[in-house]
Amino acid sequence: MSTPTGPASGLPVRMPRPRQPGRHRRPEPLVAPEDAPALVLAVPGTPSSATRSLADEVISIARSELPGLDARIGYLDGNEEFPSLTSVLAHAAEERTARFEQARAAGMDIKEPDGPVAVVVPLLAGPDSSLLRQVRQAVMDSRVAAELTDVLGPHPLLAEGLHVRLSEAGLARADRARLFTVATAADGIILASVGGDEAVQAAGITGMLLAARLAVPVMAAALDQEGSIASVAEQLRGSGSQQLALAPYLIGPEIDASLIEEAAKEAGCSAAEALGPYPAIGKLALAKYTTALGIAPQQAQSTPAH
């Protein structure tokens with residue numbers, strides 16, 4: 001891949017290409033320079049083939065949005081089959097050092113790249129203090145210069161994903177053109193999160209966006225707090241909702257899937273699937289990466305070509 005010139009090393013840039021005339025021409029696509037930090041997706045939970053498939057799909061979406069992106073997957077509970085986050089970061093650092101030494105050996109007068117070796121993006125919809133502590137510890141154990149981003153939510157795209165998962169389960173019907181509700185099978189939504197009170201508060205923000213889409217009340221509850229789901233179900237029924245639905249505010253690997261089924265039984269309602277590899281997840285992971293490098297995707301789209 002040719003090396004573009006212009007912006008500082010590590011930032012997404014535009015590759016020179018012929019531009020279409022006219023005011024409605026499409027923005028030129030961004031590409032990642034070869035020496036950009038790696039995007040490392042930190043995947044929680046017990047690794048499995050299903051988890052790997054989900055993470056691969058998220059990474060594939062991010063790469064499609066930014067060609068040339070060095071994207072990797074590190075598992076918090078890694079093993080020989082599923083590389084740990086610590087080992088993935090260490091390997092990324094070793095590879096960057098090797099590239100630098102090869103360039104010097106070839107007679108190139110270059111300085112070792114500044115900035116982080118990697119940007120670590122937790123595969124979490126909301127803040128889970130326990131899992132985030134594990135991510136931070138893994139980064140520290142790697143002894144690698146890496147930047148840790150915030151979790152993916154709250155965000156309007158997650159509200160869209162929740163709406164789609166509810167509609168797929170037959171618990172909400174969406175307008176085909178704009179994904180806004182025409183009619184809904186549920187008249188009250190329990191937004192189930194993990195991570196305690198902080199996670200419930202964060203989920204509540206996305207819940208307000210979901211409520212606006214569905215035109216029904218949405219209340220957040222904690223899957224990992226005993227009685228939280230039942231309490232919220234009682235509040236919704238007390239306010240007039242009769243047909244409830246449970247929407248997991250989760251990517252998927254964070255918890256055992258059986259907890260969602262148990263929560264739905266506790267609330268006496270049906271449940272949608274977790275967000276999983278919904279396309280917005282990959283886009284949000286990439287947005288966290290580009291923002292950590294000091295340039296947001298929407299800003300990059302308006303940056304002059306170099």
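Is the crossing of α4 and α5 right-handed or left-handed? The crossing of these two helices is right-handed, where right-handed means that the near helix is turned clockwise from the far one by less than a right angle, and left-handed means anticlockwise.

## Getting started

Welcome to this predicted model, in which local features need pLDDT of at least 70, side-chain atom pairs count only at pLDDT 80 or more, and totals for chains, interfaces and linings use all residues. Residues are numbered from 1 along each chain as its sequence is written, and side-chain values use heavy atoms, leaving out hydrogens and water.

## The chain as a whole

The chain holds nine helices and ten strands; these are DSSP runs numbered from the N terminus, with helices being H or I of at least four residues and strands E of at least two. Of its 306 residues, 47% count as buried (under 20% relative accessible area, with exposed over 50% and partly exposed in between, using a 1.4 Å probe and protein chains only).

Among contacts (heavy atoms within 4.5 Å) with a separation of 6 or more, 72% join residues 24 or more positions apart.

## Helices α4 and α5

Helix α4 covers residues 156-168 and helix α5 covers residues 196-214; they pack at an angle of about 55 degrees, with axes 8 Å apart. That angle makes α4 oblique to α5 (under 35 degrees is roughly parallel, over 145 roughly antiparallel, 65 to 115 roughly perpendicular, and the rest oblique). Axes are lines fitted to C-alpha atoms, for helices over the stretch in contact, and angles run from 0 to 180 degrees between N-to-C directions.

On the α4 side, the residues in contact include Pro156, Leu158 and His163, and their partners in α5 include Thr206, Leu209 and Arg213. By class, this contact has eight nonpolar, two polar and two charged residues (Ala, Val, Leu, Ile, Met, Phe, Trp, Tyr, Cys and Pro are nonpolar, Asp, Glu, Lys and Arg charged, and the others, Gly among them, polar).

## Helices α1 and α8

Helix α1 (residues 49-65) packs with helix α8 (residues 279-292) at about 60 degrees, their axes 8 Å apart, so the two are oblique to each other. Their crossing is right-handed.

Val58, Ile61, Ala62 and Glu65 in α1 meet α8 residues including Pro279, Ile281 and Lys283.

## A look at Val135

Val135 sits in helix α3 (residues 129-142) and is buried, with a relative accessible area of 1%. Leaving aside residues up to four places away in sequence, Val135 touches Ala42, Leu76, Leu85, Val120 and Leu148.
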